Amino acid sequence: MGVVLDKLPGLLEKIPGGGILVAPIDAVINWARLSSLWPLAFGTKCCAIEMLMATGGPHQDLSRFGVEVVRPSPRQADLMVVAGAIVKKTALRMRLLYEQMAEPRYVIATGSCAISGGPFMYNSYTIVRGVDQIVPVDVYVPGCPPRPEAFFWGLLMLQKMIRQGESIRRPGIRRKPVLAALPAGVTVQDIQERMRAPLEEQNVVDVAGAAAEKPWAKKVRQWVKKH
Amino acid sequence: MGEETLIPRVLAAEPSAKVRDDAGGPSVEVAPDRLFGLMQCLRDRPDLAFDMLMAHTAVDWLEQGRFELVYILYSTVHGHGLTVCASVPRDKPVAPTLSGLWPIAHWQEREVFDLMGVLYDGHPDLRRVFLEDDWQGYPLRKDYQDSDMLELPQ
Amino acid sequence: MMSYFFVLLCVPLAALLVFGGLAMSRMLAPHHPGDLKNSAYECGEVPIGQAWSQFTIGYYLVGLLFLVFDVDVALLYPWAIAFRQAGWTGFVEAGLFLAVLAVGLLYAWKKGALEWV
Amino acid sequence: MSVQITTLEELTSPSRAASSSLSIQEYFLNMGPQHPIAHGSLRLLLVLDGEIVREVIPVPGFVHRGIEKMCEHLTCRQIVHLTDRMDYLSALSNNWCLSRTVERAAGIETNERIETVRTIVAELQRVQSHALWWGVLGMDLGALTPFLYAFRDREIISTAFEETIGARLTMNYIQPGGLMFDIHPGFVARVKEVLAHMRPILDEYDALLSGNVILQERLRNVGVLPAEKALAMGCTGPVLRGSGVALDLRKAEPYGVYEKAAFDVVVGTVGDCVRMEEMRQSLGIVEQLIDSIPAGPHMTVKPAAKIKLPAGMHYGQIETPRGILGTLIVSDGKSDKPWRVHFRTPNYNNLWAVTAIAPGCKIADIIAIQASLDLVIPDIDR
């Protein structure tokens with residue numbers, strides 16, 4: 001976090017009752033971030049037509065969620081929408097683009113190719129089976145290609161995660177809401193209380209740490225140095 | 001120009017060519033060293049006038065130890081097509097380049113080199129076109145081993 | 001003298017606007033520089049060769065011409081505001097000023113500085 | 001003559017820069033995989049002298065999933081879903097090409113109803129694909145409104161497809177031996193709605209972009225591809241017809257029910273208005289055929305039937321919105337999985353025309369050339 005925001009939680013803790021101030025600051029910062037997500041146009045295949053273009057079109061209007069400013073350059077983007085299959089040759093470039101984006105950066109993997117290699121899982125010598133081998137992914141949107149409405153559901157999930165999951169006390173630590181989308185008929189009470197705490201706890205992701213131990217992290221460094 | 005008058009004229013141009021019947025359209029088999037001569041006259045003779053190299057690929061016959069190079073030609077003037085095949089041994093797969101006759105052959109041959117490993121004699125810029133330059137092996141060969149590739153469980 | 005008070009008022013406001021924005025982002029935005037993050041962005045590729053290379057003289061010429069005519073427009077602003085009070089003498093002076101610049105433009109045009117090589 | 005294998009490193013290494021005619025000012029610039037004009041991931045390595053492009057080195061392969069290797073492990077019917085993912089803007093034509101090749105090889109008969117529905121659906125998708133080309137041509141050259149117009153019309157056609165085919169983009173509808181499902185009872189009415197909507201819209205397209213002076217200035221004699229150069233570079237489809245060669249497989253080798261529909265092949269002299277006129281021709285075809293869909297079964301071969309191809313090479317080609325797509329299936333006759341499958345894709349051959357056109361033009365012209373070539377990258381890499 002910035003110079004002030006790093007020290008702010010510590011200062012507020014010292015002041016008696018200052019801790020209450022952290023929550024409104026969180027709320028304001030998270031609200032500002034989630035309502036102005038600028039996606040990076042990184043579409044490789046058919047999902048690009050559905051996710052980045054059709055949703056941007058007049059019928060399924062992406063700008064209802066404030067996400068319509070599609071930036072080609074990673075410097076001005078904070079949401080990387082991975083639309084399409086990623087092969088070994090693209091994985092290096094994609095990891096470099098992810099590194100060149102400024103924090104806080106979010107990743108939505110759309111389409112079964114990005115999630116798990118999809119139709120190209122077997123007998124393909126270049127496919128990377130799942131984008132989460134390259135970058136830490138926040139929301140997975142299944143489908144081949146997913147319908148624009150499915151992409152909006154993923155977007156809302158991400159916005160819910162930003163609203164609830166981040167705090168200036170622990171910058172870069174993202175708590176993914178486990179109970180984001182409970183299947184129909186299952187209520188919170190059904191999941192016993194002792195089940196819920198570990199689920200919430202286990203789903204805390206340190207984004208920087210998660211990004212560092214991805215297999216492709218080292219390969220990108222060697223590739224950049226080699227050139 | 002019907003098929004029946006096309007094949008005799010092609011054979012007249014290249015007596016060492018053998019007719020093949022297992023391909024859909026008219027097709028001819030020729031030895032690699034005669035290939036360039038046949039292609040040259042197929043393109044230049046006005047009554048054949050194959051001005052378009054529609055497709056070029058290679059088939060890996062592992063047991064017979066040969067690569068079968070397939071050239072599919074098309075003539076926009078007469079509207080007829082021809083398939084020319086040539087076989088090169090698997091251990092020394094060198095074939096003459098046709099990029100002098102049709103510039104598109106330059107890149108079609110690069111693709112066949114990239115995926116099948118057939119070398120082209122006299123090719124100006126023989127480089128891998130899809131895979132990284134330091135990729136080991138040629139993926140479309142039948143005996144290509146890759147630990148990363150998942151086999152479909154039968 | 002009073003009219004200069006507004007100028008004095010305008011300067012700090014402008015400074016506040018500019019440096020305020022910068023200070024806010026310095027204070028609030030996360031700041032984690034890294035070697036890969038600072039590397040040059042070229043469509044996801046690693047740039048080939050050095051960025052420090054000689055490029056054509058055309059860019060320099062265009063930059064120079066723009067500078068001249070930009071200053072020219074900047075000088076016309078005060079005249080445009082006080083257009084009515086300046087009356088005819090002001091109009092003639094501005095005309096002369098523009099005429100001198102027009103000669104410069106014609107010269108550049110004839111010399112072919114405007115054609116992009 | 002020697003066989004010499006080079007790599008991109010050597011091509012761009014400083015030694016090459018010093019020794020060749022590359023004067024000091026020339027440098028390499030990556031119009032790389034992640035670029036708005038790439039419509040996917042295609043890297044154009046430009047050799048620049050100031051703003052003049054000396055040479056373009058396209059580097060595809062960023063979406064190469066090895067479809068031809070996968071086809072060797074799949075039966076003919078399973079390959080159809082892979083053809084959708086090559087050129088996803090003309091998925092139906094791709095399916096049709098593979099299905100037609102398999103049907104001719106295995107001797108499967110299809111009836112009049114199947115062929116008529118195939119022709120109608122493929123022509124509708126041609127209009128949809130050219131609409132996207134028109135919208136993205138405007139977007140690439142800076143005008144953002146055509147993008148919104150184009151995608152509004154694509155949605156209208158997509159709803160017609162969705163009702164019958166169930167999918168918006170990757171159709172998997174035309175199978176060897178017929179169609180996956182029969183057409184929806186409301187299909188004819190829906191297509192008539194689309195036709196009624198699209199006819200005036202095309203004039204609106206013309207009014208919006210074609211008359212625009214800036215666009216004409218950006219496109220006039222930029223990237224001129226003479227006829228014999230286009231033929232030598234193996235270009236097909238609107239790119240070739242734009243250069244004046246009247247090669248259209250729907251006329252040259254009629255398939256489906258194209259003989260029944262009267263339409264003319266649109267040939268430009270040098271310009272690129274070919275696709276606009278082709279949209280009108282395609283609408284004309286659909287108008288003539290929509291009322292005469294004969295009755296009959298929608299599938300002549302039981303879905304579970306194993307299709308075994310006789311030994312030998314089977315080649316079939318079809319006219320997709322971007323050019324001639326050829327499918328070469330080599331079968332050894334023993335198993336129902338093909339021995340080798342090769343797709344002659346239109347985009348792979350149209351891509352290299354940029355190396356012939358580009359030397360000497362400016363960087364902004366490269367964007368105009370790429371937009372007019374209308375490339376789909378997964379079709380290049382397969």
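How many residues does the contact take from chain D and from chain A? I looked that up to start with: 27 come from chain D and 31 from chain A. Here two residues are in contact if their C-beta atoms, placed from the backbone, lie within 7 Å.

Before going on, I noted that this is a predicted model, where local features need pLDDT of at least 70, side-chain atom pairs count only at pLDDT 80 or more, and totals for chains, interfaces and linings use all residues. Residues are numbered from 1 along each chain as its sequence is written, while chains are lettered from A and ligands numbered from 1 in the order in which they are written.

**Chain D against chain A.** On chain D's side, I found that helices H3 (67–71), H4 (76–84) and H7 (145–165) each give two or more residues. Helices are DSSP runs (H or I, at least four residues), numbered from the N terminus. H7(D) gives the most, with four residues. I sorted this side into 11 nonpolar, 10 polar and six charged residues. Nonpolar covers Ala, Val, Leu, Ile, Met, Phe, Trp, Tyr, Cys and Pro, charged covers Asp, Glu, Lys and Arg, and the others, Gly among them, are polar.

**Other pairs.** Five pairs of chains touch, and I got the most contacts between B and D. Chains B and C share no contact; their closest C-alpha atoms lie 14 Å apart.
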